[in-house]
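Please consult the sequence and the structure shown below while reading.

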Amino acid sequence: MSDSPPATSPEVERQRLAEVAWVFFKLGLTAFGGPAAHIAYMQQEVVRRRRWIDDQRFLDLLGATNLIPGPNSTEMAIHLGYVRAGWRGMIAGGLGFILPAAAIVLAFSWAYVRFGSTPQVEWLLYGIKPVILAIIFHALYSLARKAVAGWVTGLVGGVCALLYILGVNELALLFGSGAGLMLWKNHRRILQLGKTLPPAGLILGGALTLSNAEVPFSLTHLFLIFLKIGSVLYGSGYVLLAFMRADLVERLGWLTNQQLIDAIAIGQVTPGPLFTSATFVGYLLGGIPGALTATVGIFLPSFIFVAISSPFIPRMRASPWLAALLDGVNVAALGLMAGVMIEISLTSLTDPMTIVLALVSAGLLFGSKLNPTWLILAGAVFGLLRSLV
């Protein structure tokens, strides 16, 4: 069944396009809380209130976003825009969700560059970072309950976390895990066919790996880095930390660990996709041109993947090979998240107060349905009050 909308009159098409643009612009301004919350907002808006599609169709589209790399909530906005208003709706839905959030992050970036070294902002981030750590832990736990289906996938995730901490390339881990689990789960088919499959993911991961040598900053190189990230990143948006740290901190030396943590924190306290942290990073490195370059680079693949994959979604979901590949990629992504969580805890938990704040935040996340945005705001207030003591 095609996901494209039925033929309509030009007037109806214009109305639908305007509706798509407005709905996702509004969500881009107000959708706090991360991808899971964004999906819930979209379900309420397009299924419950506006009845564009039914629950089953919504679930089918949500499943499709897990088959392609990129930010799930952004890709849902692109899918839903396409279903409602065709190709123009696809663009309007994606841009409507991305641009308001990117503009807000850009304003934060300007304030950070101008005031980031002042005690007030330092104390603000002092309170936010432990909360971010708790949110990552909560997301990791929730995702692992679904992704780890047996000892093999659990072992793959644990090994990936260890190898990441030891410095193994994150793309090799993602693609290698995907290819390895695909072969493991389909070994009976391979034996029956009398064939062996090359670990293409490892080859691709090696081909996409950037040099470890430090190079001067350029907008072209910045674009290619974020284009690569947007093209290969599976799993939660928090895996973005692992990719940006590997390229921008470790390999190129363009950012410090502190700046990277601040980028994720600002991406979390603002509405819309967490991937707008790229806007912040781009602004730090290259001003407004850098912000625009990084934003286009990281989100462009999502539009391409949705456009290409939409006609093939039923066949992709039914393939045992692709299903096993994605199982491996997803559990490897969780391993990367765990490795990043361990690393950033060293810079976030700096004294007993931050440890208590992280534990309290984790307890509230696990013990209630509290929106993480409120915890972020509480952490910011805590940091400002702490500066007065």
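**Cavity, surface and salt bridges**

The largest cavity holds about 60 Å³ of space. The model is predicted: local features need pLDDT of at least 70, side-chain atom pairs count only at pLDDT 80 or more, and totals for chains, interfaces and linings use all residues. Residues are numbered from 1 along each chain as its sequence is written, and side-chain values use heavy atoms, with hydrogens and water left out.

**The cavity**

- The structure holds 1 cavity of 30 Å³ or more; a cavity is a set of points, on a 1 Å grid over the protein atoms alone, where a 1.4 Å probe fits but cannot get out.
- Grid points are joined across faces, edges and corners, and the volume is the space filled by probe spheres set on the points.
- The largest cavity is lined by 10 residues, of which Gly34, Gly267, Gln268, Gly272 and Leu274 are the closest to its centre; a lining residue has an atom within 4 Å of a point.
- Helix H2 (35-49) and helix H12 (257-269) each contribute at least two residues to the lining of the largest cavity; helices are DSSP runs (H or I, at least four residues), numbered from the N terminus.
- The lining of the largest cavity comprises 3 nonpolar, 7 polar and no charged residues; Ala, Val, Leu, Ile, Met, Phe, Trp, Tyr, Cys and Pro count as nonpolar, Asp, Glu, Lys and Arg as charged, and the others, Gly among them, as polar.

**The nonpolar surface patch**

- A nonpolar patch on the surface is formed by Val356, Val360, Leu364, Leu370, Trp374 and Leu377, which together have about 540 Å² of accessible area.
- Two or more residues of the nonpolar patch come from each of helix H16 (352-367) and helix H17 (372-388), and H16 gives the largest share, 3 residues.
- Patch residues have over 30% relative accessible area and no salt bridge, and nonpolar side chains (Val, Leu, Ile, Met, Phe, Trp, Tyr) are joined within 5 Å; accessible areas come from the Shrake-Rupley method with a 1.4 Å probe, and for residues only the protein chains shown count as cover.
- Val360, in helix H16, is partly exposed at 45% relative accessibility; buried means under 20% relative accessible area, exposed over 50%, and partly exposed in between (1.4 Å probe, protein chains only).

**Salt bridges**

- The whole structure contains 11 salt bridges, each being a side-chain nitrogen of Lys or Arg within 4 Å of a carboxyl oxygen of Asp or Glu.
- Glu13 and Arg88 form a salt bridge in which the closest N and O atoms are 3.9 Å apart. Glu13 is in helix H1 (residues 10-30) and Arg88 in helix H4 (residues 72-115), so the pair ties together parts 75 residues apart in sequence.
- Asp262 and Lys129 meet in a salt bridge (3.4 Å, N to O). Because Asp262 lies in helix H12 and Lys129 in helix H5 (residues 119-147), this pair ties together parts 133 residues apart in sequence; both residues are buried.
- A salt bridge also joins the side chains of Lys228 and Asp247 (2.6 Å, N to O). Lys228 is buried at 8% relative accessibility, and Asp247 is buried at 0%.
- Glu19, Lys26, Glu45, Arg49, Arg50 and Arg84 are linked in a network of salt bridges.

- Most residues other than glycine have a negative phi. Arg51, although not a glycine, has a positive phi of about 55°.
- Arg51 is placed in the loop between H2 and helix H3 (55-65) and is exposed, with a relative accessible area of 66%.

Conventions:
On a 1 Å grid over the protein atoms alone, a cavity is a set of points where a 1.4 Å probe fits but cannot get out, and a pocket is an open set with protein on both sides within 12 Å along at least five of seven lines; lining residues have an atom within 4 Å of a point. Patches are made of residues with over 30% relative accessible area and no salt bridge: like charges are joined within 9 Å, nonpolar side chains (Val, Leu, Ile, Met, Phe, Trp, Tyr) within 5 Å.
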